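Keep the viewer open and follow along.

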Amino acid sequence: MNRLPLEGVRVVDISRVFAMPYCGAYLADLGAEVIKIDTHYSAFVDTTRTLNGPYPNNEPTEDYWETAGTFQTLNRGKRSLTLDLRSEKGLETLKELVAISDIFLENFTPRVMRRFGLDYPNLKQVKPDLIMVSNTGYGHSGPWSNFGAMATALEPTHGTGAFMGYLEPDDTGNLSEGFIPNKIANSYTDFLASWTGQLAVLTSLYNRHNTGQGMWIDLAMYQVGASFMGEGILDYAFNGRRTRRLGNRHEYYSPHGCYQCIGQDNWVVLAVRDDYEWTTLCKLIGEKELIDNEQYHDPMVRYKFQDRIDEIINAWTYSRSSNQIMILLQENGIPCGQVLNAKEMLADNNFIDRGYFESIEHPISSGIGKRRYTSRGWSLSRNQISIKTPAPSLGEANEYVLGELLALPHEHVVALEEQGAIGETLEGAKIPEVISLERQSELGWIVDYDESR
Amino acid sequence: MGCRKLVASQMLEGVRVLEVGGGISAPFCGKLLADYGAEVIKIETPSTGDVTRSTGPFVKDDPNLETSIPFLYLNTNKSSLTLDIFSSMGKSILSNLLRSSDIVVHNLAPADLDSAGLAPESLQVVNPGLISTSITPFGLSGSYKDYEASDIIVYALSGLMYHSGDSDREPLRNVLNQSFYVGGINASVATMAALFQKLTDGQGQTVEVCLTECLASHLVQAVPYYEYMGAIKGRRPIRGSGFDELMPARDGYVVPSIQGSQPWSVIAGLIGSHELQDEKFATGAGRIEYGEQIKQLVIQGLSKWDRKPLFEASGEKRLVFGMAQDAGDLYQCPQLQSRGFFEEVNHPVAGTARYPGMGPRLSDYRFLGYTPAPLLGQHNNMFLKDELGYTAEEILDLYVSKII
């Protein structure tokens, strides 16, 4: 096997939560050495260590900040250096590390970065060809630049709600384009920002190789989100159209939708793109009303009467399993898919065949055991891209970074520890009170749970 | 910062990309690489072109191969060569272009790769330095590789759809064919990793992109929820306390949020209902217990606000509210405009409009502007005559035999 694409590239990752940490994790998968700048003060620690969970068996232990599943996903393959950025010494050490690194990832507000003296102009002095990503809600310039942001609020702000929403009955009682926006949820914008950041970083590395120039990537989640709404925004520019909320229907394909199947919260989607698929579907369902209606060979007519067609399809799917329907329709050439939940994803044939979920065997001392994680949507034929190691425990690389990389004398490192600038145990830790799965189920936060696991 | 404008013309200067297929995923990948300065050549089916040319909405809702809005958006900064790659003459022209290219990105079905001359093994022979990026719904291997797909199918089988929409209704489809866009950007990421690796030894490789896996990678909460606790996350319950959900304001919808490290009094004060100030609502537990009551008070308070003033006031108070904006709001947004997000593009058939631009802003790059999406076969002569040296007669023959 070759050297991995990013072997020899060092990344300093001071970012928190989802978007940029995940970007750092992918860079680690690609072979970069990624050093997460952690802190051992609970008030400032990455909240995915302490607030999001989930903890193994929903039972957080004394070192709970090392065992959260979402944190593990987002920080796999990294090293951890704890630094107290409130101290001069901590900031100075960070700058020394940046000086011997290639990439710097951060997602603080512009105000905080300037206060730390960690803004791009300052860091460029330290490392002239630095590639730096500043990930914020609205960007480092413009009237909204000081506004904070969370994906749950950003997503509709960058326009997804203009195009997403259930159908609603019109005056005649037929379902038609809806007025109420809905959300993709799952921090959708964070992932768009993560992918966009990865592309900008890799392109900048390529450019730096050719020109010797660094790059500052001002990555505003809001603007990134809008860049994925391009065809919708351009439709307004040309035609003045502001929204299109077609529920699960489609402009050209009919029927096209999501249908209920046997079992709890079990669904299947299907799309009929042409007359062959329509005729085939009619035969499979075997309902005279569909087969005998000559008009239904016209997709426009089907679209017009889709409420009724959907009723018939629903009656057919309702007593069948989504997996059975998918296999039957796909064998007959009709696009169809199960709506998979996480449990079904982990048991899904295609994901399993392709080894999509990657397992990490965690150290015995962590108590996590062996767990599977989301990997990535692509592979490179010359490389074995994979998750290399679990997420780092707090400060596990303090010795390595300070002693080896920065070659600080041992007494210097000891002094940092004594001053509380570095540490390996979370100060002010308090084992979180978790809500039982039974209660979460009552509250509707989860659909179901396996007690036997 | 010397950050003047987006398009970083030089970053991928000299990189040639062939784009084969059509629709959204491969063209979006090509567009992103073109944004960074690569030369992108679209190989289109003679006479009908990229399937997106026939996909609406159209400019002035008037269908025409040159006025599809998704096509105009996805194909800026590219050239177009029509070529029947399934004919032997077409294959030989394609081979010539593959020899001078760094990257070929395509979204053909696995079963069509051989007949299109794009199977990985044959590409290695044509050009060992070529990076060949394949984008498919379910991958080149695996149980579903020959399954039929559209956006909603990919969305469902990725796992993401189950988690979108309301908990008491059916899962709800994502917007604007997002699975293809997410696949397209992941393809550009993986392709760039391969291009960077090529700098070390000049070797190309095959990049395989699987759309369902790109979207599945978003589920960094739902997957560990099951893997760590055996719990199945679902769609968001809408009967919460009204926070972090779309709630009605006077002129549309807003998203009130408790995030932002501000005390409850600031949040309650902004929304403006006096009763909401009650300390019993200030804790997470309180908001669970009094969820419905809080929601009603929030609705009351929001009924006196318009979206934008509330959003801006929340930002000033370091809260992180959101608002539902439509395409017109985005087009007129002062924040996006001040960051130079839009770029005027003049297309010979579609006319002039301001187009949405790149997601990130990059420092220190000279702006070159966007060229409009190419007309079908606009650059046939440029490639066939000027570059590959075909005579006018030979080119005419190619037209007559419908190879171009």
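In this predicted model, helix H15 of chain A, residues 322-331, lies across strands S10 and S11 of chain A and runs at about 160° to S11(A). Chain B takes part here too: its helix H5, residues 151-158, lies across S9, S10 and S11 of chain A, at about 20° to S11(A).

Now for the sheet itself. The three strands form an open sheet in the order S9-S10-S11 of chain A, with antiparallel pairing. S9 (256-260) and S11 (336-338) of chain A stand at the edges; each has a single partner strand, so one side of each is left without a neighbour in the sheet. From one strand to the next, the twist averages 20°. To see a pairing up close, look at S10(A), residues 267-271, which is joined to S11(A) by three bridges, the two strands running antiparallel. Val268(A), for instance, has Gln338(A) in S11(A) as its bridge partner.

How many residues does each chain bring to the contact between them? Chain B gives 129 residues and chain A gives 130. On the side of chain B that touches chain A, H6(B) gives the most, with 17 residues. That side of chain B divides into 76 nonpolar, 36 polar and 17 charged residues.

Helix H6 (residues 178-201) packs against helix H1 (residues 25-35) of chain B at an angle of about 50°, with the axes 7 Å apart. H1(B) and H6(B) are therefore oblique to each other, and their crossing is right-handed. Residues of H1(B) in this contact include Phe28(B), Leu32(B) and Leu33(B), while those of H6(B) include Phe180(B), Gly183(B), Gly184(B) and Ala187(B). The residues of the contact divide into eight nonpolar, five polar and no charged.

Finally, zoom out to chain B as a whole. The domain assignment gives domain 1 (16-218 + 337-400) and domain 2 (247-323). Taken over C-alpha atoms, the centres of domain 1 and domain 2 of chain B are separated by 44 Å.

Note on methods: Residues are numbered from 1 along each chain as its sequence is written. Chains are lettered from A and ligands numbered from 1 in the order in which they are written. This is a predicted model: local features need pLDDT of at least 70, side-chain atom pairs count only at pLDDT 80 or more; totals for chains, interfaces and linings use all residues. Axes are lines fitted to C-alpha atoms, for helices over the stretch in contact, and angles run from 0 to 180 degrees between N-to-C directions. Helices (H or I, at least four residues) and strands (E, at least two) are DSSP runs, numbered from the N terminus. Angles under 35 degrees count as roughly parallel, over 145 as roughly antiparallel, 65 to 115 as roughly perpendicular and the rest as oblique. A crossing is left-handed if the near helix is turned anticlockwise from the far one by less than a right angle, and right-handed if clockwise. Two residues are in contact if their C-beta atoms, placed from the backbone, lie within 7 Å. Ala, Val, Leu, Ile, Met, Phe, Trp, Tyr, Cys and Pro count as nonpolar, Asp, Glu, Lys and Arg as charged, and the others, Gly among them, as polar. Domain bounds come from an automatic or database domain assignment. Two strands pair if DSSP finds at least two bridges between them.
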